[in-house]
Amino acid sequence: MPGADKETDLSERIESFLSELKRCGSGAGSLRGSAETARETTALLRRITAQARWGNAGELMEIIRKEGRRMTAAQPSETTVGNMIRRVLKIIREEYARSRGSSEETDQQESLHKLLTSGGSSEDNFRQHFTHLKANVIEAINELLTELEGTTDNISMQALEHIHSNEVIMTIGRSRTVEAFLKDAARKRKFHVIVAECAPFCQGHEMATSLCKEDIETTVIPDAAIFAVMSRVNKVIIGTQTVLANGGLRAVNGTHTLALAAKHHSTPLIVCAPMFKLSPQVPDTPYNHTKLKSVDTILYIHILSKVNAHCPVFDYVPPELITLFISNIGGNAPSYIYRLMSELYHPEDHEL
Amino acid sequence: IQSRPRKADKDEEEKPLQAVLVADSFNRRFFPITKDQPRALLPLANVSMIDYTLEFLTSTGVQETFVFCCWMASKIKEHLQKSKWCRPTSPNVVHVITSDLYRSLGDVLRDVDAKALVRSDFLLVYGDVVSNIDVSQALQEHKQRRSMDKNVSVMTMIFKESPPGHKTRCEDDDIIVAMDGKSKRILHYQRAQALKKLHFPMNIFHSGSDEFEIRFDLLDCHISICSPQVAELFTDNFDYQTKNDFVRGLLVNEEILGNQIHMHVTRDGYGARVSNLLMYDTVSSDTIRRWIYPITPEANFADQEGQSCTHSRHNVYREPGVSLGHGSQMEENVLIGRNTVIGANCTISNTVIGANCVIGDNVTLDRAYIWNRVHIADNVKVKQSVICDNVEVKHGVVLSEQCVLAYNVVVGPDITLPEGTVLSMHHPDEEDDEDEDEFLSDDNDVGYSKDKTKQKVFNPAEVGSEGKGYRWKSSSLDDTEEDELAECIWGLALSADPESDSESEVSEGSHDLGSHPASPELDDVKVFQNEVHGTLQRGLDENISCDNLVLEINSLKYAYNISLKEVMQILMRVVLEFPFQQQGAQISTAQYSSHLLPLLKKWAPVFKNYVKRPQDQLDCLASMEEVFLECETHWAALVKVLMSMYQLEILEEEGIMHWFNQGSTTDKSQQLRRNQGLLKFIKWLQEAEESSEGDE
C-alpha cells in the first residue's frame, strides 16, 4: 500500500521534527536560526498538505491545527513554528475563498458591522470540495518559502538608510539578521560597533569575531558596562526572538537593560526582525516569556543545595522603549504592529 | 534532494549506533521497594528512570537499543511497549531481551556475545543512568583510536569532572584513576571507598609516557563506549561479573592481552547513576532545578498523555488537574502530578508528588518523594523521605529523615517514625526462604495470607495502631553487624563515618579485590616461590625425576606468569633456603652445607635446564649472593656451594669470575667478597684457568 507508506513516512518526519524541536537549544544559544526553523516548518506543512488525506479545506485545516498544536507544545518558546502554521492556515483560507470566487473574503478589514455579521458561519463553508485546491495551496506555500528565503537580504538592503558614516552602534549578543545588516552597511560606510557579550553563553564574542572579519571596527563589552558606554552610542541595533502583538519584544536576556539605557540617553533603538517573528501572543506575566536553561554554565560547582541558580534566556522589552522595527517589508513603528498582524494572520487562528 | 540518499548510504556504511541497556542493578540496594517494582521503573520526578536513560541514548543518536532485564522483566517489557520508544516512528528501535538467568553484567554481555547482537561499537549503560552528556566527541575519539591502533582500545569510559563534595558524588562510587595524560589511557582504576592508603603498581609508571595524571575528581557516569570485543572478553573470562572486574582484569592483564581502556572526561553536562536513595534524592532535585536541561519536567520527553506540566517561578511545576487548598504554599522546587488534591495551609518545598494523591490540611513536606495514589491525612510532617505507591499516612504522623514507606504500607495515626525507618508489606525474613519468582505474579493479598500463616502480626509500636507493615532494620548506622544482604538503602551522606560503608558494597564481588590492591606481581612471586618449594619437597619425598620437576616448574611459571629470569632466581633461593626449611633456621654452617650439597647434586639437571646463557649464570649468582647476604653466619658455605655448582658444571668459571669482579654496590657484599674462603676459591679458579690454558 503506497498510501500507508506515505503516511508512515509523513508521521516519521513529523516525529523527527518534533524531537528535534524538543532538543533544539541544548547547547549554548539556539543552534539553528529561527529562519531555518521557519523554513523547515513551512516545508513540513507543505508535505502534510501534499501527503495527508483530506477532502476539503476544513479537513486540511483541522489536520494542520492538530499537528500545529503538537509542534508548538514541543518547544513553546520557539514562536516561529506557530507563526508559520498560522500563515499556512491563512493561505488555505484565502485559496479556498478564491476557489469559491468570492475574493471579498480575503478583505480583512475589521469593522463592527463585519464582526456582527460573520460569526462562525465561514467555518461550515470550508466543507466544499475543489479539485485544484491542493495544487493552489502548495503553490502559495512555495511562494511563502521564497519569501522566507529572501527575508534577511530584504532587511539588510535597508541598512544604508539607517547607518551613517562614523556612527557608533551598539548591539547585544548574536543575531544573524543584525550581523547581515551591519555587514551590508560596512560595504559602503565606516562605523564602529560595540557588542555586549551577553553572558553566560557569550554569543557576543562570536558576533564580534564575525564582524571583525568584515573589517568592521568592533569592541566587546561586558553586559554590566552597557549603561556606562551608552552615552557614546549613536544608535542601538538589535535582533529579537519574537515580536509580540503589542509591539513589545521577547529578546535575549539583557536586552531590557540595553533598551532602558538607550531610553535614558535618548538613543534610538532599532529592532531588525523579519516578519515571520511576528507573533499574535501578548505578554502576560513576564516569567512566561523566559525559557530557563541548564544552570550548569553559570554555576559550575554545585556543592550547596541551598544555592538556587537560575538562568533565564529571554527578556521582555515593552514597546515604549522601541523606536523602530525594520522588517523585510520596510520600517514600522511599534504602534503599527497590530496592523501588520491582522494582515498576516486570520483572527480565528490566533489560538491554534 | 540528491544529497539525501547519498547521506543515507554513508550512514549505512557507518552502521547504526547501538546500545546495551542493562535494566537491572543486580543488587538489592533498593530493597524493599524493588520487591514490587524493578528499579528501572521507579519514578524519578514522575517519569520512570529507564525513560531518562532511553532519552539520553536517543538524543546521542543511538538507533537500536537492547534492553536486558531479569528481575520483573515482564513489567519492564510492558512499560516499554506502552512507551513512545516502541512506537513505529521512534528513531530508536528498542528490543527487550529477558532472561531469569542474568545474575550480573557479565551474564548480560556474555549473552550479547552469544546472540551476536552488536555489530560495531556500542554504548553500555545501566537502566538508572540520568544524563545529558554529549558523547559524540567521545565516540569520535574512540573510533579514531580504534582505527589508528588496530583495535587495541576496547572501551572508552565517560567521566564527569566533579570535585569532592560535589552533590552527585556518592561515596560508594569514589574512584581513583591513574591515566596517561596524552593518550587518555587508563593505567589504574580503583575504588577509593573507605581506603586510607592507596597503592599504585609501579609498572604503570613505566609505560613509556612522560605525563601521568592521578585523579580523584572524577565521577564515573556509568556510560561506556564499548567495542564488540568487550562482549567477547566477557565470554572468554567467565569470572568477570561486573564492569569493575572487567576493567581491573583488563588493566592487570594488559601486557598479555594487549587491550587498553581509555577515558573521556567531560566538564559539561550531567551524568549520574541512581545507585541508592541518596542519589535518588540528589538526582530528583537536580532534575527539578533544571541541571539536566533539556530533560526537564515540563519538556514531557517521555511523551505521556496528560503529563505535560507548566513551569512557573521558583521551579514550581504543575501537571493538569492539580488542586491546591486555601493558604497552601508551594515554596520552591516542587513538582505535582496530575489530579492531585492538596488541602489547606500546607507547606511544600523541594518535593515531588505523583499523580492522584490526596494530601490533607496542615501538611508539611520537605524533600519528600511521594509517588502515585498516596493518601496523606492532616497534620503530617515529612522530611527527606520516600513514600511509594498506594501508601496511606494517617493523621498526625511525623516522618523523620530518610524514612522509606514501601508499597501499600499504612502508618499511623499519631506516630513519629525515627530517622531511617524502612517499612514494607513484605516481612524482612521472607526474602530468603521464598522463591523470588513467586513475587512476579503474587499480588499483595497472597502476601497477607502468607504472613498470617506465619503468625506474624504488625507491631503497633512500629507502624501505629491502625498501621500495616513490617519494620525493616534501620538502614543507616547499625548495619555493620547486621546481615550482609540488606544493604543500606540510602547510601552514605557525604559526612558519614567511613566505617559504616564497608558493608554497602558486599554484593559486588569485586570489592575485596579492589580494596587490597597490593601489587599483584609481588603476590604472584610469593605464591610461586611457595609452589616451587612444595614441588621440590615432593620431588624429594617421592623421588620424582628431575625431568618431571622441570615440567612442573614450567607449568607453574605459566600459571603465575613469571619470567624466566625470576624463575631462576626463585629456584636458586628456594634451593638455598631448603635446609633451613627442613632443619630449622638454627643449624650450623657445617650442617647446612652437608644438607645442601647432596640436594644440589640431585637437582643439578633442573638447574642446567634453566641456566644456559652467561647472563643466566650471572642472575643465578646474584640471587645466590642475595640469599647469603641475608644470613651472614653461613658465608663459609658459599664457597662450598660455588665449588659444587662449578663441579656440577652448572656454573662456569667465566661466570663466577665475572660476578666476582663486578663492582659490588653495598658494603656488605664487599665484605662477602673479602671472605677468606671465597678468595681462596677464586684464586684456585684463576690458577685452574691458567693451567688449563697452559695445557692447551
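Is B:M72 buried or exposed? B:M72 is buried, at a relative accessible area of 3% (buried means under 20%, exposed over 50% and partly exposed in between, with a 1.4 Å probe and protein chains only).

## About the model

This is a predicted model, in which local features need pLDDT of at least 70 and side-chain atom pairs count only at pLDDT 80 or more, while totals for chains, interfaces and linings use all residues. Residues are numbered from 1 along each chain as its sequence is written, chains are lettered from A and ligands numbered from 1 in the order in which they are written, and side-chain values use heavy atoms, leaving out hydrogens and water.

## The sheet in chain B

Let's start with an open, mixed sheet of 7 strands in chain B, ordered β5-β4-β1-β6-β12-β8-β13. Its edge strands are β5 (93-98) and β13 (260-266), each pairing on one side only. From one strand to the next, the twist averages 25°. Strands (E, at least two residues) and helices (H or I, at least four) are DSSP runs numbered from the N terminus, and two strands pair if DSSP finds at least two bridges between them.

Strand β4 (residues 64-69) runs parallel to β5(B), with 6 bridges, and B:F68 stands opposite B:I97 of β5(B). Helix α7 (residues 243-252) of chain B lies across β8 (153-161), β12 (218-226) and β13, at about 120° to β8(B). Contact here means heavy atoms within 4.5 Å; axes are lines fitted to C-alpha atoms, for helices over the stretch in contact, with angles from 0 to 180 degrees between N-to-C directions.

## Loops worth a look

B:M72 sits in the loop between β4 and α3 (73-82) of chain B, and has a positive phi of about 55° although it is not a glycine. B:A45, in the loop between β2 (43-44) and β3 (47-48) of chain B, also has a positive phi, near 55°. B:A45 counts as buried because its relative accessibility is 6%.

A cis peptide bond, with omega about 0°, joins B:G412 and B:P413. B:P413 belongs to the loop between β30 (410-411) and β31 (416-417) of chain B.
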